Amino acid sequence: MRPEDDPMAPTPAGPAPGRLARSYRLLLHLYPAPFRRRFGDDMTELFADRCSEARRQRGRAGLVLACWRALGDLLGQAASERWVSHTALRGARSPRLVRPATGASFMSTVAQDVRYALRGLRNQPAFTAVAGLTLTLGIGANTTIFSLVEAALLRPLPYATPERLVRIRSVDLREGKSDSANISGPDFLDLARASRSLTAAGVHGWTGGTATLTAGAGGGEPEQVPAARVSSGIFTALGTQPALGRLFGPDEDRPGPPDVVVISNGLWQRRFAADPRIVGRTLQVNGTTATVVGVLPTDFRFPERDTLRSAHQPDVLRPVDFDPKASSRSGRYLHALGRLRQGVSLRTAEAELQAIASHLARQYPDDSERGVRLAGLADDLVGGARPVLVLLLGAVSCVLLIACANIANLLLARGTARRSELAVRAALGAARGRLLRLLLTESLVLALAGSALGVALAVVAIRLLAAWGQGQLPHAAGAGLDGVVLSYSLALALGTGLAFGLASAHQSAQPELGDDLRRGTSGGGVAPRAGAARRVLVVAEVALSLVLLIGAGLLIESFWRLQRVDPGFSPERVVAFELSLPVARYPEGSENRFYERLYQRAAALPGVEAVGGANMLPLSGDYSCDGIQIDDHPALPGKIPCAEARSVSMGYFRTLRIPLAAGRLFDTRDADGSAPVALINRAMARRFWPGENPLGRTFTYEGREQGNRRRIVGVVADLRHFGLDRDAEPEFYTPQPQQPSYHTMTVVVRAAADPGRLLPALRRTVAELDPLVPLFRPRTLSETIASDVAAPRLRTAILAAFAALALLLAMVGIYGVLSFTVGQRTREIGIRKALGASRRDLLRLLLSQTMAPALVGIALGLATAALATRALKGLLFGVAPTDPMLFTVAPALLAAAALLASYLPTRRAAAIEPRVALQSE
Amino acid sequence: MKPPLPPFADPHRLLPLKPLVLEVLLSLLGGERHGYGLVSDIAERSGGAVRIEPGNLYRSLRVMLDLGLIVESDRRPAPDLDDQRRRYYRITPFGELVATEEAVRLRALLSQAGVRRLLDHRAAFDPGLD
């Protein structure tokens, strides 16, 4: 019995397991198992010996060179061995010991193959152009989307150990409330003080607010800059280090003198010319003197969704302005975050904070039912973008798969035509492995070239998207071609090259080479296996296209419905802007006089139809839910409902054309000192007085003026405040004169004609009243509506573009398959015609090549789509993921497209003259 | 493992031989060798002219085994290395035949007038060349 068959024979001990040797042993797995079992030990030992010898003789460099050579040898020989062991079972006839023409090493044969591949591509410009273009589009699109994904989802947050950072959300546990996150100052302080699981926590507040900045005392141009409020804990939690000076300390987390600010690096460079003595200088911020105590570093990013990745940062940071003792617990306008203690899990911390919150709720019982939820800060800031980006990445990958299928089809067709060439090569002595490598090299060269162009395309596309999708892709600001993205592109290129290369090479190199030399090239014609492979590819392409079509169709329909939603007000020809009155010069109660005068003067301007004001507009992204007590239906403590509170001027409803449903609007009766009144919207009437008439009823609410009882004098129509895709919430409106005004109000002006033209006059009007009150964020309400649908519009447009591309590619694929079949089977078709085959028979023959697989593909695609579209639920509005109409229309469309693509080749086949066809071979 | 070709198969179908194959046959003509011994033998004899890597060596061995040029012999400890049992290889009569035919071919090549002229020319510059 031979030693290797003897189960009792001890196996020889392996070579000394150095690290290199172990790696070599691993790589040996590239060889087929029988070979590895026989020779693996010896090979490893030989390798180890060569390495040590090389190291001895020529040091490190020699070792590296030896490893390089060994790697090349291993890869090349393993490929050959695998290929040979395939066909060895078939009784290969060509001798494999024939020396290659130049006797060169592996690496130089690779160079040879590359040159040959390039020549081949140059000789077939049509094929190269089509394949190259397809790859460029496919890989370019993928690279673009992936760079967005990378910028938004894969990059870590720009803070110290970001995985320990959490967003602290104070949520309303009552059902039906939106998932707000805002917390009140006093609540936060109690939580932070009592918590053991957080090492640092802070609050920040910024809803796009700005501050007026004048340098020095009373001098310099006033400038409107973005400003935000932060507590000292924010810097501690984020691990921020100042570039100059210091950041806020815990004793500064309160309002009142001395007023300190921290400025951004950008502002320091821009306005103060990077003055190294900026620390200690004073500025006028909103009319108050404040001292600059520090400058932020250039890479500081404010922890909000809109600012996380963008270059647009708040320029002035001020300390939080709530008084721990006096501020109301229900004034929820702050965002909180914290850092988890080492070793504490998120769930543990959340449970602890929830316990503290429950304790607080018991202590201050007229608060609503509050709870605390924690989420990873990364999730909170960028998680919202995940569904859309994943959707886009999935869609664009489908497009690439379809593109690969097309190229594989093209290569299969070409491969079939090249079989005779390959047969000649093999007879001249080329080893099978060598042939395989040759074909793979062609595919890889094509893939790499196509992807290089694709990457160039992606650079342009990314730039376009950045300019275009300004507000809609905030997370993806800063998307570009960095190492990760380029690696992804390279991997895609190699993957696609190998995929379609192997698919076609397998086909081309398989058959008995000798037979091919004896037969004519189009003799029995199409190798049945290649034909089947092409039909399978058509099935796959059609299925994928259908999934994309249905997905795009859903989004399109959804967007169309969203567009037609009535926002509840009329945005045409309305311009809006914010005004911010400096606290220093407008003590409580005096703001209203300013606004009254402004409304009068503005209404008198030529071209103005109506003027109004409110503390916040619909679709502003802001909200303010105050607890209310209905006198007729008192609620239990802990179960106090809340309704959106708005302070509006008399002319507000008329300016926005919000219809009145019952009662009356505000008028001059509702002045300061008169009976407190309120208007409510229909949603509030339905919620709290279902089936009753709410006029004349009363309720009290907390918030700015606790305990003030108001009588309802009218009901207005609902507004879509939170977004066109969200229903209206209960809202109530109080007249601006009847309560202390907000220092910042939004003013709306309806113009008779173009609203933009009114802006200069409006600015003048404001300046006449007070030159130090600037007007900021001017915009038209039409723009506001447009930007609310901008994100759905962008993703719908992108997905629709991908679906169209996929459809086009599938049609090209179908056309190609049929066209090639007709070409290959010209003789056969001619014979059939000569034998009397009717048109119908011919049609059946040809269409079975394309329509049969297309129908199978459609069936497959429908099934897949039915499952896959469930993932889209969150992005749809007013349309079900399995909308029956779409699931009927899309397949019909695709079938029609397949028929259309089959049309030209079919016509060509019909035009074949039997006589000519029979002569043609 | 495939059965080797019958001994009456035509050796000329295998010519010209790859350099490594010829070297292995030459080594084995001097007696049985194990893989390691082949390497050192060839390295010594050819002075590094033939590149030997584990991959191409063992693959060539496998093909030579398949074609019947060599066979495996019993495994036994190698006295010149450690005591591990090693695979030994032995040349077959067919292998000898093929090696001989290759030698004949090479001699015929060297006898050609053009080649002789090249060698004489070279020898004029480098008398050490034989």
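**Notes on helix packing, strands and loops**

1. H1(B) crosses H4(B) with left-handed sense (the near helix is turned anticlockwise from the far one by less than a right angle; clockwise would be right-handed). Helix H1 covers residues 19-29 of chain B and helix H4 residues 93-111 of chain B, and their axes come within 10 Å and cross at roughly 120 degrees (axes are lines fitted to C-alpha atoms over the stretch in contact, and angles run from 0 to 180 degrees between N-to-C directions). That makes H1(B) oblique to H4(B) (under 35 degrees is roughly parallel, over 145 roughly antiparallel, 65 to 115 roughly perpendicular, and the rest oblique).

2. A word on the ground rules: this is a predicted model, in which local features need pLDDT of at least 70 and side-chain atom pairs count only at pLDDT 80 or more, while totals for chains, interfaces and linings use all residues. Residues are numbered from 1 along each chain as its sequence is written, chains are lettered from A and ligands numbered from 1 in the order in which they are written, and side-chain values use heavy atoms, with hydrogens and water left out.

3. Back at the H1(B) and H4(B) pair, the residues that meet are worth a look. From H1(B) come B:Leu22, B:Leu25 and B:Leu29, and on the side of H4(B) they meet B:Gly95, B:Glu96, B:Ala99, B:Glu102 and B:Leu106 (contact means heavy atoms within 4.5 Å).

4. Chain B as a whole holds 5 helices and 3 strands (DSSP runs numbered from the N terminus: H or I of at least four residues for helices, E of at least two for strands). Read from the N terminus, the order of its elements is α-β-α-α-β-β-α-α. Of its 130 residues, 43% are buried (under 20% relative accessible area; exposed is over 50%, and partly exposed lies in between, with a 1.4 Å probe and protein chains only). Among the contacts in chain B with a separation of 6 or more, 56% come from residues 24 or more positions apart.

5. As 14 of the 14 residues are buried, H3(B) is largely enclosed by the rest of the structure. Just after H3(B), B:Gly68 has a positive phi of about 85 degrees.

6. Over in chain A, helix H21 (residues 790-824) and helix H23 (residues 839-868) pack with axes 10 Å apart at an angle of about 150 degrees. That makes H21(A) roughly antiparallel to H23(A). This crossing is right-handed. A:Ile814, A:Leu818, A:Thr821 and A:Val822 are the residues of H21(A) that meet A:Leu846, A:Gln849 and A:Thr850 of H23(A).

7. Strand S10 of chain A, residues 316-319, is buried on both faces: A:Val316 and A:Arg318 point one way, A:Leu317 and A:Pro319 the other, and all are buried. Strand S5 (residues 223-230) of chain A runs parallel to S10(A), joined by 4 bridges (a pair needs at least two DSSP bridges). Strand S7 (residues 260-263) of chain A is antiparallel to S10(A), with 2 bridges. A:Leu317 is the bridge partner of A:Ala228, and A:Val262 stands opposite A:Leu317 too.

8. Another pairing in chain A joins strand S1 (residues 165-172) to S12(A), antiparallel over 7 bridges. Within S12(A), A:Leu374 partners A:Ile168. S12(A) spans residues 370-376 and is mostly covered, with 5 of its 7 residues buried.

9. A:Ala274 is not a glycine, yet its phi is positive at about 50 degrees. A:Ala274 sits in the loop between helix H7 (265-272) and strand S8 (282-285) of chain A, and is partly exposed at 27% relative accessibility. A:Arg573, also other than glycine, has a positive phi near 60 degrees. The loop holding A:Arg573 lies between helix H15 (528-563) and strand S13 (574-580) of chain A, and A:Arg573 is partly exposed, at 28% relative accessible area.

10. A:Leu438 belongs to helix H12 (residues 432-468) of chain A and is buried, with a relative accessible area of 4%.
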